[in-house]
Amino acid sequence: MNNKTFDSLGIGASLCRALAELDYTLPTPIQSRAIPDLLSGNDLLGVAQTGTGKTAAFSLPILEMLLADGVKAQSKRPKVLILAPTRELAGQIRDDISTYARHTRIRHACIFGGVNQNPQIKALAKGVEVLVATPGRLLDLVGNNFLALDEISHLVLDEADRLLDMGFIRDVRRIVRLLPSRRQSLLFSATMPREVSQLAEEILHRPVRIDVAPKKVTVDKIDQHMLMVDTAGKQGVLEKMLRDPEVTRAIVFTRTKHGANRVAKKLDRAGIAAEAIHGNKSQNARQRALEKFKSGDAWVLVATDIAARGIDIQGISHVINFELPHEPESYVHRIGRTARAGASGVAWSLVDPTEIKRLRAVERLTRVKLQPLDIEVAGLELPVMEADDSGRHDGRARSRSENGRETGSGKGTRRRRSRRRQPARSAAA
Ligand code: AMP
């Protein structure tokens, strides 16, 4: 067991003060292992997923080394470069670093594409010690002399497998060639396919390797069901589900930030108090949304995977997947939000015909076959479809009720409890 404190691992007072304010009482396993190695200057290969505390595992020792060094970065010449595959992740890392460094004078910036580059250029010109970036925008700014990488002493590649998946490998290699060869390098990846180990070999020098198993989620305590429904019908079905009196506090997951906004807005309009959180919202806006959710002012939280990381709220009765995630592991993370601390919870997934492959991937990973939720709308049936592995579906199935009325205009939701309550678990809990 690890009983070490951050202080005993070598993290100094100003960072420890911020950690205490965040209620980080003890380091996570990856933090206990990585912090001393990084402080002594080793390179690091971390096989770890988000949720393990890896951001703090690399940020804290790097911030500590910057504080010990005490020399300010020059204009356009950051000292630390953290590369992330998406702007969401980059923003999340920047937010974390900003919180950890709040009692220091360390400056940071985050640059990514898709937004006006002028504020980013201004921040770089003023000088920042820590730069978090996605590869494309970084290279643009280097190409236009708004940024130079010749003072980088610490490099972090976060989610290297996703960097590769998203086609950034050549950009990453180009960036690495611009860095001084004397530097500390860290690479984190949830998985280690051959290309990632090859990249690690090129970039890291005699690294320490740390493998952290993902947090185990006991999915067998969770009553999981799915409902086949066309994309267009999802919002209506969601609203009906949320009106079920058994749903007392729910997180709804969407794949995109825009999706989260759209769903939350429509719920609000339908009189269901919902808040959206996603990577585009500021830390403050996210905090406010979470507070509202915790206090019960909003009892539905609509979230993206990245924004939902680290959320640990008790009493979530239902997790609803408005869309299934790309990675089946995210499904496990999502539904783990219910059934916290040994309680049992309910997870429902709305699956449209294009998501059958994702559904099967989830079922393979969890070894649970998601049974259809047996749902009826007062007198009318929802446009429920049967799953079909070809990716097609029986769209006509049950789109009209037996009495021939059109679907979709019913008011309340009634389910056959006896069937729904049968958990889709393999063994008795
Ligand atoms: P990460 O794996 O870096 O995405 O971190 C997952 C979540 O755990 C984040 O919300 C962090 O704020 C939180 N976290 C990281 N380290 C600790 C710690 N030592 N104690 C409590 N929470 C932590």
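**Buried and exposed elements of the predicted model**

Six of the eight residues of helix 15 (residues 328-335) are buried, so this helix is largely enclosed by the rest of the structure. Buried here means under 20% relative accessible area, exposed means over 50%, and partly exposed lies in between (1.4 Å probe, protein chains only). Helices (H or I, at least four residues) and strands (E, at least two) are DSSP runs, numbered from the N terminus. The structure is a predicted model, in which local features need pLDDT of at least 70 and side-chain atom pairs count only at pLDDT 80 or more, while totals for chains, interfaces and linings use all residues. Residues are numbered from 1 along each chain as its sequence is written, and side-chain values use heavy atoms, with hydrogens and water left out.

The buried residues of helix 15 are Pro328, Ser330, Tyr331, Val332, Arg334 and Ile335. Val332 has a relative accessible area of 15% and is therefore buried.

Strand 1 (residues 44-47) is covered on both faces. Leu44 and Gly46 are buried on one side, and Leu45 and Val47 are buried on the other. Strand 1 pairs with strand 6 (residues 184-189) in the parallel sense over four bridges; two strands pair if DSSP finds at least two bridges between them. A parallel pairing over four bridges also joins strand 1 to strand 7 (residues 208-211). Val47 takes part in both pairings: this residue stands opposite Ser189 in strand 6, and its bridge partner in strand 7 is Asp211.

Turning to another sheet region, seven strands form an open sheet with parallel pairing, in the order 10-11-9-12-13-8-14. Strand 10 (274-277) and strand 14 (371-372) stand at the edges with a single partner strand each, so one side of each is left without a neighbour in the sheet. Within strand 11, Val302 stands opposite Ala276.

What, finally, of the surface? Asp165 lies in helix 8 (residues 160-165) and is exposed, with a relative accessible area of 69%.
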